[in-house]
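Please walk me through this protein model.

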Amino acid sequence: MAIAFDPQQLAIDSIAGEAALDAMRLTPDWLRQRLAYPPHWQPEMTQDFLSVRAIPVRAAVLIAMVQRPQGLTILLTLRTQHLSSHAGQVSFPGGRREAFDGSSVATALRETQEEVGLASEHIEVLGCLPDYLTGTGYQVTPVVGLVMPPFELRADPSEVAEIFEVPLAFLMDGLNHQRLSVELPGGRRSFYAMPYERFYIWGATAGMLRNLFHLLRA
């Protein structure tokens, strides 16, 4: 499904504006505890645009938190321009769940290795966020994992144009969460954007990050 509008040309409705998470909550030990024993919390975003499929296709992505000396970062990809869905957009590594995948975690790990070359032995899975329904008809399970360097990355040129990292502290600050909306045939839809340097993070990826923010601040 092609996006019928350019989100970067839309006016910003508002800034979410919640305080940045305390640095203690952005450490591996704290994240392990939070994902293992989550408190009661409510996801804000469960879908972005109206789905094109009556029955969504199961998929999974990896929210990969890389342990860098300066703090955790989140690994993201810039998708190639020729893909049939989400072309040219910022995404987590991941994709469609196959019949041979034993779980959503297995899907996320397999797709991550295929797309960016990150092997599962470098990934410590912490848990999952609530499923997210995309306008392209995918029911996505976000799998949260810690990544321990050193590791080598290799982008699959058929899917990934670029691999980059964004500081977790930047993404877990409500002042960096923009709220936008657009009129579509199915009605007015709202979504988040989190621009970082030359990368425009928005839509489903920003929605899942917004849910991670709520889980960690609960």
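## A buried threonine and what surrounds it

Threonine 112 has a relative accessibility of 0%, so this residue counts as buried. The model is a predicted one. Threonine 112 sits in helix H2, which covers residues 104-116. Its side chain reaches back to the backbone oxygen of alanine 108, at 2.7 Å. Threonine 112 also has contacts beyond its neighbours within four places in sequence: Leu62, Pro93, Gly117 and Leu118.

Now look at the whole helix. H2 has 13 residues. From first C-alpha to last, H2 reaches 18 Å, close to the 18 Å expected at 1.5 Å a residue. Threonine 112 is one of the buried residues of H2; among the others are Ser104, Ala108, Leu109, Arg110 and Val116. What do the buried residues of H2 pack against? They pack against strands E2, E3, E5 (94-96), E6 (123-128), E8 and E9. Just after H2 comes glycine 117, with a positive phi of about 80°.

Next, the nonpolar cores. In soluble globular proteins, nonpolar side chains tend to be buried together. Here the largest nonpolar core has 42 residues. Those with the most contacts inside this core are Met65, Ile74, Leu168, Met172, Ile201, Leu212 and Leu216. Helices H1 (28-36), H3 (168-171) and H4 (203-217) each give two or more residues to this core. Helix H4 gives the most, with eight residues.

Not counting residues up to four places away in sequence, leucine 168 touches Leu26, Leu31, Met65, Leu72, Thr73, Ile74 and Leu212. There is also a second, separate core of 13 residues. This second core includes Ala64, Leu109, Val116 and Phe151.

The structure holds five aromatic pairs. One of them joins phenylalanine 170 and tyrosine 196. The centres are 5.0 Å apart and the planes are at 65°, an edge-to-face pair. Phenylalanine 170 lies in helix H3, while tyrosine 196 lies in the loop between strand E11 (187-193) and H4, so the pair ties together parts that are 26 residues apart in sequence. Tyrosine 196 is buried, with a relative accessible area of 15%. Elsewhere, Phe5, Phe191 and Trp202 form one aromatic cluster.

Notes. Residues are numbered from 1 along each chain as its sequence is written. This is a predicted model: local features need pLDDT of at least 70, side-chain atom pairs count only at pLDDT 80 or more; totals for chains, interfaces and linings use all residues. Side-chain values use heavy atoms; hydrogens and water are left out. A nonpolar core is a set of buried Ala, Val, Leu, Ile, Met, Phe, Trp, Tyr and Cys residues joined through side-chain atoms within 4.5 Å. Buried means under 20% relative accessible area, exposed over 50%, partly exposed in between (1.4 Å probe, protein chains only). Helices (H or I, at least four residues) and strands (E, at least two) are DSSP runs, numbered from the N terminus. Contact means heavy atoms within 4.5 Å. Rings of Phe, Tyr and Trp (its six-membered ring) pair if their centres lie within 6.5 Å; planes under 30 degrees apart count as stacked, over 60 as edge-to-face and the rest as tilted. A polar contact is a pair of N or O atoms within 3.5 Å; within protein, one must be able to donate a hydrogen and the other to accept it, and residues adjacent in sequence count only if both atoms are side-chain atoms. The expected span of a helix is 1.5 Å times one less than its number of residues.
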